[in-house]
Amino acid sequence: MHLAEKLVARAAGREAVTPGEIVTCAVDLAMMHDSGGPRRVKPLLEKLGARVWDPDKVVVITDHYLPAADEESRAILDTARRWVREAGVSRFHDEQGICHVVLPERGHLRPGLFVVGGDSHSPTGGAFGCYMFGVGATEMLGVLVTGEIWLRVPQTIRLQWEGRLADGVVAKDMMLAMCAALGMDGGRYQAVEYCGEAVRGLGMQERMTLCNMAAELGAQAGLVAPDETTRSYLLQAGVPDTAIDLARWHGDPAAAGAEDHRFDAGALAPQVAAPHSPANSAPWDRHGPVSFDVAYIGACTGAKLSDLRMAARILRGRRVAAGVRLLVGPASARDQRHAEEEGTLGALVDAGAELLANSCGACAGYGAHRFGPGQRIIASTARNFRGRMGSPDAAIYLGSPYTVAAAAVAGRLVDPRELLQ
Amino acid sequence: MAHAWVYGDNIDTDVLAPGAYMKFGIEEIARHCMEAVDPEFAGRVRPGDVVIGGRNFGMGSSREQAAQALTHLGVAAVIAPSFGGIFYRNALNLGLVVLECRDAGRVRAGDNVEFDARRGSVLNRSSGERFPCVPIPDHLLDMVEAGGLMPFLMRRRRGTERK
């Protein structure tokens, strides 16, 4: 069996499962945020007169309506704060950062878990060898009441990256190249597994970037088989060593792949997605001359500590080009603190960055930072759908934190490898 | 008469439920449903109409308001060659019929379209063509016909109380 099948079989209480069959799985952990979480499920639970099946298996994290810009946003956040108390949910992280980054950093994930999240970027948890996927609020209600969810056992699509990435080329570039190669529905709502030498060489936050954007491939889950890199991250996050089973959670070498795609990491150049789809990706120099009004380092996809370090490596001792705004919204409070202590954040601020809150910010398009018509933005985020971050006539490009930082310095699209220091 | 509203590939959840209105209730979100692609849709769609999508309809976010906005406007079904996986599940959970139909692209805007969710077929009364589609999974049919997960759970709960 593949890793995805082993994870699903365990949650379904079965020895083995076959792709395509429908099974019912026991949920080990359910994560919600302020937008799709308590605000939506509380009235449904009340209508049913039902209680949460196991409050110890629920994590709530606020990240969408922060900072609260108006009455509606404040009310949504207040609902979350009140509900966790009423429901007896103790694993509540308020204003600590974006759910997909906070969840593993606080030690809630470990290999083998079956997890649902009330957000489409929930496949991020697959970086830790969890089967984790996104669901809507009514589906979450079903989980909260029963502790179970149905699933069509996924096929596995293996995305093999052989060779080693060049300096300045990172997980985000791999991901944009895969979006272009496979399309936004290439994942067919199955499980994608990232493997090969280049994937094994990535740190945990880089693996999270890959799994996070399994959503942009249209996959249900994105997985990386856990290894010693996983173990050392989890130990730091407070997970006891005895809870980390590396031997069990990998695919059998002889398991037949439904689909295999091979990529050459050594040949990969920095990638940029043109408006209005991540699938409009190509090497940075294929887009012709593009200048920018805003460079945005943000979101769970592109503003973790590893992402901030990439940006700092370009921006240290330099200034953002005249006429360009550089916005930086560190993905978690803890990552921001580390970045501050080690001087990474200082390098960004000295270069002229404006700091945003530890929240979904402009990426979700829910809050105050929305881009106007005619503006050209380059962002380290996951999605550049028309209108998502503001006006339908804003032009959003996507790139790695290196590429975004280099564009901020040059005021236009350039090769970030030439600005590495 | 079920009037067909026809759209292209990759209609995303931000188009169906724009982020700027997500802090409001479904009435307000539904008023802006599809606005970026077709500003007339929300004002002119009538109860019982169907939406014909292209590939990967509903890709993107897990926000179920994307499906709920359509049910709020009275849309009876979305028929498309393929769907975003989370949208598909959300739609069924909210009682919105979603039918995977390879030939959806043959329907033209304004055609009169009927569907049979249980058998898995679509009939275009305007052209006389009948298309097969992937039926809704057996284990979910009762839930969809009850109007979604909430009515289904409410009914089951009342049933339990009677016993």
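This is a predicted model: local features need pLDDT of at least 70, side-chain atom pairs count only at pLDDT 80 or more; totals for chains, interfaces and linings use all residues.
Which residue just after helix 6 of chain A takes a positive phi? The residue is A:Gly183, with a phi of about 85 degrees.

## Domains of chain A

The domain assignment divides chain A into domain 1 (3-241 + 257-264) and domain 2 (270-419). Their C-alpha centres are separated by 24 Å. Contact between the two involves 35 residues of domain 1 of chain A and 37 residues of domain 2 of chain A.

On the side of domain 1 of chain A that touches domain 2 of chain A, at least two residues come from each of helix 4 (99-105), helix 6 and helix 8 (204-212) of chain A. Helix 6 of chain A gives the most, namely six residues. By class, this side of domain 1 of chain A comprises 16 nonpolar, 12 polar and seven charged residues.

## Helix 6 of chain A

Helix 6 of chain A covers residues 171-182.

The buried set includes the charged residues A:Lys172 and A:Asp173. Also buried in helix 6 of chain A are A:Ala171, A:Met174, A:Met175, A:Leu176, A:Ala177, A:Met178, A:Cys179 and A:Leu182. As stated at the outset, A:Gly183 follows just after the helix with its positive phi.

## Helix 3 of chain A

Helix 3 of chain A runs over residues 71-87. Its 17 residues should span 24 Å at 1.5 Å a residue; the distance between the end C-alpha atoms is 24 Å, which agrees.

The buried residues of this helix are A:Ser73, A:Ile76, A:Leu77, A:Ala80, A:Trp83 and A:Val84. They lie on the same side of helix 3 of chain A, because the arc they cover around the axis is only 125 degrees. They pack against helix 2 (38-48), strand 3 (58-61) and strand 4 (91-93) of chain A. On the other side of helix 3 of chain A, A:Glu71, A:Arg74, A:Arg82 and A:Arg85 are exposed. Just after the helix, A:Gly88 adopts a positive phi of about 75 degrees.

## Contact between chains A and B

Between the chains, 37 residues of chain A are in contact with 35 residues of chain B. Helix 2, helix 3 and helix 5 (137-146) of chain A are the elements that give two or more residues to the chain A side. The largest share, five residues, comes from helix 5 of chain A. The chain A side divides into 15 nonpolar, 14 polar and eight charged residues.

## The largest nonpolar core

In soluble globular proteins, nonpolar side chains tend to be buried together. Here, the largest nonpolar core has 200 residues, of which A:Ile377, B:Val78 and B:Ile79 touch the most other members. The core draws at least three residues from each of domain 1 and domain 2 of chain A.

Beyond its neighbours within four places in sequence, B:Val78 is in contact with B:Val51, B:Gly53, B:Phe57, B:Leu70, B:Ala91, B:Leu96 and B:Val98.

## Cis peptide bonds and positive phi angles

Two cis peptide bonds may be noted in chain A. One joins A:Leu66 and A:Pro67, with omega about -10 degrees; A:Pro67 belongs to the loop between strand 3 and helix 3 of chain A. Another joins A:Pro275 and A:His276, with omega about 0 degrees. A:His276 is placed in the loop between strand 12 (271-273) and strand 13 (281-283) of chain A.

A:Arg188 is not a glycine, yet has a positive phi of about 50 degrees. This residue lies in the loop between helix 6 and strand 9 (191-195) of chain A. A:Arg188 is buried because 20 other C-beta atoms lie within 10 Å. In chain B, B:Asn10 likewise has a positive phi, of about 60 degrees, although it is not a glycine. B:Asn10 lies in the loop between strand 1 (4-6) and helix 1 (13-16) of chain B, and its 23 C-beta neighbours inside 10 Å make it count as buried.

## An exposed loop residue

A:Ala247 is located in the loop between helix 9 (228-236) and strand 11 (259-264) of chain A. A:Ala247 has 7 C-beta neighbours inside 10 Å and therefore counts as exposed. A:Ala247 and A:Pro226 are 21 residues apart in sequence, with 8.8 Å between their C-alpha atoms.

Key. Residues are numbered from 1 along each chain as its sequence is written. Chains are lettered from A and ligands numbered from 1 in the order in which they are written. Helices (H or I, at least four residues) and strands (E, at least two) are DSSP runs, numbered from the N terminus. The expected span of a helix is 1.5 Å times one less than its number of residues. A residue is buried if 20 or more other C-beta atoms lie within 10 Å of its own, exposed if 12 or fewer, and partly exposed in between; C-beta atoms are placed from the backbone. The arc is that of the directions from the helix axis to the C-beta atoms. Two residues are in contact if their C-beta atoms, placed from the backbone, lie within 7 Å. A nonpolar core is a set of buried Ala, Val, Leu, Ile, Met, Phe, Trp, Tyr and Cys residues joined through C-beta atoms within 7 Å. Domain bounds come from an automatic or database domain assignment.
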